Structures are given as structure tokens and as C-alpha cells.
Amino acid sequence: MQVTSSIVDIETFIRTFIAIFVMADALGNAPVFLVLTKDMESDQRDRTIDRAALVATGVILGFAFAGQAVLDYLHISMGSLQVAGGLILLLIALDMLRGELDAPVVDKDRDVAITPLALPLLAGPGTLTTVMILMADSPEAQLSVAAGTLSAMVVTWIIMRQASRVDQLIGDQGSIIITQLLGFLLAALAIEFSSQGIHALFGLGV
């Protein structure tokens with residue numbers, strides 16, 4: 001393992017940035033953000049996005065430095081996290097598919113910035129696993145991993161902030177179509193999360 005003399009290892013930084021940005025999938029999740037915040041004013045939606053990005057970044061960095069130790073202490077496997085994340089997404093997907101489209105998709109008393117925006121959409125099991133692997137692969141480049149994570153999440157936040165402009169373009173009818181379509185796709189993603197977790201828990205072949 002090569003140790004560089006620079007403060008930030010560029011190769012590790014780039015690898016981390018690409019991995020975290022792709023796993024967070026801000027472009028793919030933007031329509032989901034719109035549906036989950038469709039009852040909010042523009043300012044309130046932006047504040048929700050700010051909180052979601054901040055919480056997700058904190059969780060990812062927390063898992064990068066202490067995630068494996070916490071999971072080991074609590075005897076929680078990544079497979080269990082994947083199943084839990086899948087169940088959370090499945091509940092939201094069912095609400096999107098069966099709920100009244102004029103009503104908020106989630107309860108007003110629930111902070112969607114935390115669940116499901118930050119967890120598990122932005123900081124999902126795949127993202128948390130990825131950052132822990134990157135940290136374990138380059139223990140001497142922890143600063144590079146942290147810097148790459150922060151940079152990726154800043155870009156993700158900028159993309160998410162543009163979701164409000166998309167909302168103005170699609171209109172009410174477009175919102176109904178997107179809600180139904182994304183409910184179906186989100187349910188499929190939830191099953192995929194849970195399936196991967198079950199395979200990991202029981203050691204099944206893919």
C-alpha cells in the first residue's frame with residue numbers, strides 16, 4: 001500500500017468522490033424529493049433538502065470513521081441495515097401507490113428530511129458500506145476519504161436544490177403521473193435492498 005506525502009491523496013479523493021456521488025444518486029432521487037415534499041412551499045422544501053443533505057453527510061462521515069465499530073458493538077450486520085432500509089422505502093412506496101394524491105405522501109408530523117430523504121435514499125446501506133470499505137482500504141488516507149465525501153455531498157446538495165424548479169415545470173398532472181410511477185419503482189428498489197440484505201444475512205448466492 002503506497003503512502004503519499006501529500007495531505008490529500010488525489011487518487012483516493014477522486015475514487016471516493018465518484019463512489020459517494022454515484023451511490024447518493026441525486027439525479028435519480030430528485031423526482032422522489034419532489035413527491036415527498038409536494039405539499040411544501042419552496043422555502044420549506046429548500047430547508048428540508050438542506051437538513052437531508054446535512055444529516056446524510058454526517059451519517060456517512062460517522063460511518064466512515066466509526067461505523068464498523070458501532071455495528072460490531074451492537075451486533076448489527078450490513079445485511080440487517082439493508083433489510084431495514086428496504087422496509088422503510090417499501091412503506092413510503094405503498095403510501096405513494098395507494099394514498100390520495102392530493103394529500104401529503106407522508107404524515108405532516110414526520111420529518112421527511114431524516115427519513116426517507118437522508119436515510120436511506122442519500123445515505124443508504126450501499127453508500128455506508130462503500131465509505132467504510134474505502135476507509136479500510138486506505139487507512140493512511142482518511143482525510144482524502146473525508147474530503148471526497150464532503151465534496152460529493154456538496155454537489156449532491158446543489159443538484160437537489162434544483163428540484164424546486166423541476167416542480168414548477170411538471171404541473172399537477174405531471175405530479176400525479178410521477179407519483180404513481182415512482183411509487184412502483186421505489187417499491188422495486190425497496191425489494192432489491194431487502195433482497196441484498198437477505199442474501200448477506202443467510203449467505204445465499206446472488
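Pro116 sits in helix α5, where helices are DSSP runs of H or I with at least four residues, strands are E runs of at least two, and both are numbered from the N terminus. A cis peptide bond joins Thr115 to this Pro116, with omega about 15°. For background, most peptide bonds are trans, and most residues other than glycine have a negative phi.

Before we go on, a word about what we are looking at. This is a predicted model, in which local features need pLDDT of at least 70 and side-chain atom pairs count only at pLDDT 80 or more, while totals for chains, interfaces and linings use all residues. Residues are numbered from 1 along each chain as its sequence is written, and side-chain values use heavy atoms, with hydrogens and water left out.

Now, what does α5 pack against? Its axis and that of α2 come within 11 Å and cross at roughly 160°. That makes α2 roughly antiparallel to α5; here angles under 35 degrees count as roughly parallel, over 145 as roughly antiparallel, 65 to 115 as roughly perpendicular, and the rest as oblique. Axes are lines fitted to C-alpha atoms, for helices over the stretch in contact, and angles run from 0 to 180 degrees between N-to-C directions. The crossing of α2 and α5 is right-handed, meaning that the near helix is turned clockwise from the far one by less than a right angle, with anticlockwise being left-handed. Asn29, Val32, Phe33 and Leu36 of α2 meet Pro116, Leu117, Leu121 and Leu122 of α5, contact being heavy atoms within 4.5 Å. Those contact residues divide into 7 nonpolar, 1 polar and no charged. In this scheme Ala, Val, Leu, Ile, Met, Phe, Trp, Tyr, Cys and Pro are nonpolar, Asp, Glu, Lys and Arg are charged, and the others, Gly among them, are polar.

Let's follow α2 to its other partner here, α7. Helix α7 covers residues 142-161 and packs with α2 at an angle of about 40°, their axes 9 Å apart. The two helices are therefore oblique to each other, and their crossing is right-handed. Ala26, Leu27 and Phe33 in α2 meet Thr156, Ile159 and Met160 in α7. By class, that contact has 5 nonpolar residues, 1 polar and no charged.

Helix α1 also meets α7: their axes come within 8 Å and cross at roughly 40°. This crossing is right-handed as well. The contact of α1 with α7 has 11 nonpolar, 7 polar and no charged residues.

Between α1 and α2 there is a loop, and Asp25 is found in it. Asp25 has a positive phi of about 50° although it is not a glycine.

Asp25 brings us to the largest pocket. Which residues lie nearest its centre? They are Asp25, Asn29, Leu121, Leu189 and Phe193, out of 20 lining residues. On a 1 Å grid over the protein atoms alone, a pocket is an open set of points with protein on both sides within 12 Å along at least five of seven lines, and lining residues have an atom within 4 Å of a point. The volume of the largest pocket is about 340 Å³, a volume being the space filled by probe spheres set on the points, which are joined across faces, edges and corners. Helix α8 gives the most to this lining, with 6 residues. The lining divides into 12 nonpolar, 7 polar and 1 charged.

Conventions: On a 1 Å grid over the protein atoms alone, a cavity is a set of points where a 1.4 Å probe fits but cannot get out, and a pocket is an open set with protein on both sides within 12 Å along at least five of seven lines; lining residues have an atom within 4 Å of a point.
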